Amino acid sequence: MATAERDYYDLLGVERSASDAEIKKAFRKLARELHPDVSKEPDAQERFRAVAEAYEVLSDAERRRLYDQYGHAGLKRGGYAPSDFAFSNLSDIFSAFFGDDLFARNRGGRER
């Protein structure tokens with residue numbers, strides 16, 4: 001995947017010292033712009049996946065520590081593999097923003 005060569009902080013446009021809140025805010029902004037249901041750019045889906053992968057790593061304290069210390073190689077040694085996920089519509093992305101598991105494969109019936 002192309003993101004294996006890209007710095008996750010650069011993908012999200014944040015500094016290495018960014019707080020969790022800054023990382024989340026940057027992801028939300030980019031996700032709104034790049035989501036394939038919204039963007040008409042031909043590479044929107046690929047760019048969206050790269051941003052989501054960066055967020056998946058940087059929003060998890062342990063993965064972020066490994067990435068900061070060893071880069072992409074540290075993630076691979078730690079057994080990390082990017083999730084194979086797809087946001088099929090806007091409701092999925094909004095669910096991700098407001099508390100549902102961002103990379104859940106099957107949401108099943110939700111209780112309200």
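Rings of Phe, Tyr and Trp (its six-membered ring) are taken to pair if their centres lie within 6.5 Å, with planes under 30 degrees apart counted as stacked, over 60 as edge-to-face and the rest as tilted. The model examined here is predicted, so local features need pLDDT of at least 70 and side-chain atom pairs count only at pLDDT 80 or more, while totals for chains, interfaces and linings use all residues. Residues are numbered from 1 along each chain as its sequence is written, and side-chain values use heavy atoms, with hydrogens and water left out.

By the ring criterion, the structure holds 3 aromatic pairs. In one of them, the ring centres of Tyr8 and Tyr67 are 4.8 Å apart and the planes stand at 35°, so this pair is tilted. Tyr8 belongs to helix α1 (residues 8-12) and Tyr67 to helix α4 (residues 61-70), and the pair thus links distant parts of the chain, 59 residues apart. Helices here are DSSP runs (H or I, at least four residues), as strands are (E, at least two), and are numbered from the N terminus. Tyr67 is also paired with Tyr9: their centres are 6.0 Å apart and their planes at 35°, so this pair too is tilted. Tyr9 in helix α1 and Tyr67 in helix α4 are 58 residues apart. Ring pairs link Tyr8, Tyr9 and Tyr67 into a cluster.

How accessible are these tyrosines, buried or exposed? Residues are called buried under 20% relative accessible area, exposed over 50% and partly exposed in between (1.4 Å probe, protein chains only). Tyr8 counts as buried because its relative accessibility is 1%. Tyr9 is likewise buried, with a relative accessible area of 1%, and Tyr67 counts as buried at 3%.

The N-terminal end of α4 is capped by Asp60, which places a side-chain oxygen 3.2 Å from the backbone nitrogen of Glu62. After α4 comes Gly71, whose phi is positive, near 75°.

Helix α5 (residues 72-77) contains His72. This histidine counts as buried because its relative accessibility is 17%. Its side chain reaches the backbone oxygen of Arg6 at 2.9 Å, which falls under the definition of a polar contact (a pair of N or O atoms within 3.5 Å; within protein, one must be able to donate a hydrogen and the other to accept it, and residues adjacent in sequence count only if both atoms are side-chain atoms).

Helix α2 (residues 20-34) has 15 residues and reaches 21 Å from its first C-alpha to its last, close to the 21 Å expected at 1.5 Å a residue; the expected span is 1.5 Å times one less than the number of residues. Its buried residues are Ile23, Ala26, Phe27, Leu30, Ala31 and Leu34. They sit on the same side of α2, because they cover an arc of only 130° around the axis. Ala21 and Lys25 are exposed on the other side of α2. An α-helix has 3.6 residues a turn, so residues three or four places apart point the same way.

Turning to charged groups, the structure holds 8 salt bridges, each defined as a side-chain nitrogen of Lys or Arg within 4 Å of a carboxyl oxygen of Asp or Glu. Among them, Arg64 and Asp20 meet at 3.6 Å, N to O. Arg64 lies in helix α4 and Asp20 in helix α2, so this bridge ties together parts that are 44 residues apart in sequence. Arg64 is buried at 12% relative accessibility, whereas Asp20 is exposed at 55%. Another bridge joins Arg16 to Asp7, with the closest N and O atoms 3.2 Å apart; Arg16 is partly exposed at 48% relative accessibility. Asp43 and Arg47 also form a salt bridge, their closest N and O atoms being 3.9 Å apart. Salt bridges that share partners join Asp7, Arg16, Asp20, Arg64 and Asp68 into one network.

Terms used: Arc of directions from axis to C-beta.
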